[in-house]
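Let's take a walk through this structure together, starting with its open spaces and ending with its rings.

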Amino acid sequence: MSEERRLDVLRAIVEDYVRTREPVGSRILTERHKLGVSPATVRNDMAALEEAGLIAQPHTSAGRIPTDKGYRLFVDQLAEVRPLTVPQKRAIETFLSEAVDLDDVVARAGRLIAQLTGQVAVVQYPSLRRSGLRHLELVPSAEGRLLVVVITDTGRVEQRYLDVPLGMDDGTLGELRARFNAAAAGHRLTEIGTAFARVTEAMPDEHRALGTAVAEVVTAALAEESEERIVLTGQANLAHSSMRFEQGLRPVLEALEEQVVLLGLLTDMTDDAGVAVSIGHENRLAGLSETSVVTSGYGSSDGDSVAILSSIGPTRMDYPGTIAAVRAVARYLSRVLPS
């Protein structure tokens, strides 16, 4: 019973500290929460929590605040994720479904996360390494030119021109298109080069040169766009008074600028089973040692994650609300991605 009560005390301390941003004392806990015990018992429970490293006293005569360890226990065992309201869910779905292209989808997702949480949003573009080819189109253009259009299953579109022999007939182009699209089925974009090589090797001699040229244009276009891209939104939220950092704001901003390292951190966190949370010193980026990162993968309708989105704020964040927002946007983002 005492262990359960101490966990209730810890939950109350976390919730009060997140709401008030002030250290929490035993008398306040007794007045605000129906713990069913005296202030003296609450003080004993707080002493036990402090000895366990779950709460700390920032200075003499002050109340207690949660530690990273305390927040971790809260997230893992105590936090009850608040479902979004029906109007919130409807607004998210409508806002994302109105996007006109992939860039707009990613930008809108970032704005949603930043607005819902009041924190920094990080949204990764769908990774080409985890994407597939939705369709390859070959369109005759001007005399002796062919437009090669590559459409991925996550909505990226790449276009390249290719010089071809004059008099190329539609039947030949149709056959090439069909062969390449059939070869790409079920393969990631990183595997397309090998799949296309097998196609060109099996082509008749009179078509092999053109087939090889198309394959080279496609693989070259994908190579040019292979770097991972992320969008950061809501950095201005860090300047709000509710986001005080002991070491100041500069280390956080510098960590956010290290986009390659930041993306690596978020990728390592991603859990295909749901939302992952990294708290304070669990973050391997020193500049994020006073922040918490809430991350989820998103993907196509088959459930495969092709990219990630995250919310970054102080360790003193509203964990249930942030987790609910990230999870909801990830789900809706997966639905509106081209499939």
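What volume does the largest pocket have? The largest pocket comes to about 500 Å³. Of its 21 lining residues, Y17, I65, E246, E290 and T315 are the closest to the centre. Before going on, please note that this is a predicted model, in which local features need pLDDT of at least 70, side-chain atom pairs count only at pLDDT 80 or more, and totals for chains, interfaces and linings use all residues. Residues are numbered from 1 along each chain as its sequence is written, and side-chain values use heavy atoms, with hydrogens and water left out.

On a 1 Å grid over the protein atoms alone, a pocket is an open set of points with protein on both sides within 12 Å along at least five of seven lines, a cavity is a set where a 1.4 Å probe fits but cannot get out, and lining residues have an atom within 4 Å of a point. Points are joined across faces, edges and corners, and a volume is the space filled by probe spheres set on them.

The lining of the largest pocket divides into nine nonpolar, six polar and six charged residues (Ala, Val, Leu, Ile, Met, Phe, Trp, Tyr, Cys and Pro are nonpolar, Asp, Glu, Lys and Arg charged, and the others, Gly among them, polar). Strand 2 (65–66) and helix 4 each supply at least two of the lining residues; helices (H or I, at least four residues) and strands (E, at least two) are DSSP runs numbered from the N terminus.

The second largest pocket has a volume of about 320 Å³. L116, T117, Q119, D318 and T322 are the closest to its centre, out of 20 lining residues. Helix 12 gives the most to this lining, with three residues.

There is also one cavity of 30 Å³ or more. The largest cavity holds about 40 Å³ of space, and its lining includes F245, Q247 and E290.

Now for the rings. Y71 and Y319 form a tilted aromatic pair, 5.6 Å centre to centre with 45° between the planes (Phe, Tyr and Trp rings, the last by its six-membered ring, pair if their centres lie within 6.5 Å; planes under 30 degrees apart are stacked, over 60 edge-to-face, the rest tilted). Because Y71 lies in helix 4 (residues 68–78) and Y319 in helix 12 (residues 319–336), the pair ties together parts that are 248 residues apart in sequence. Together with F74, Y71 and Y319 form one aromatic cluster.
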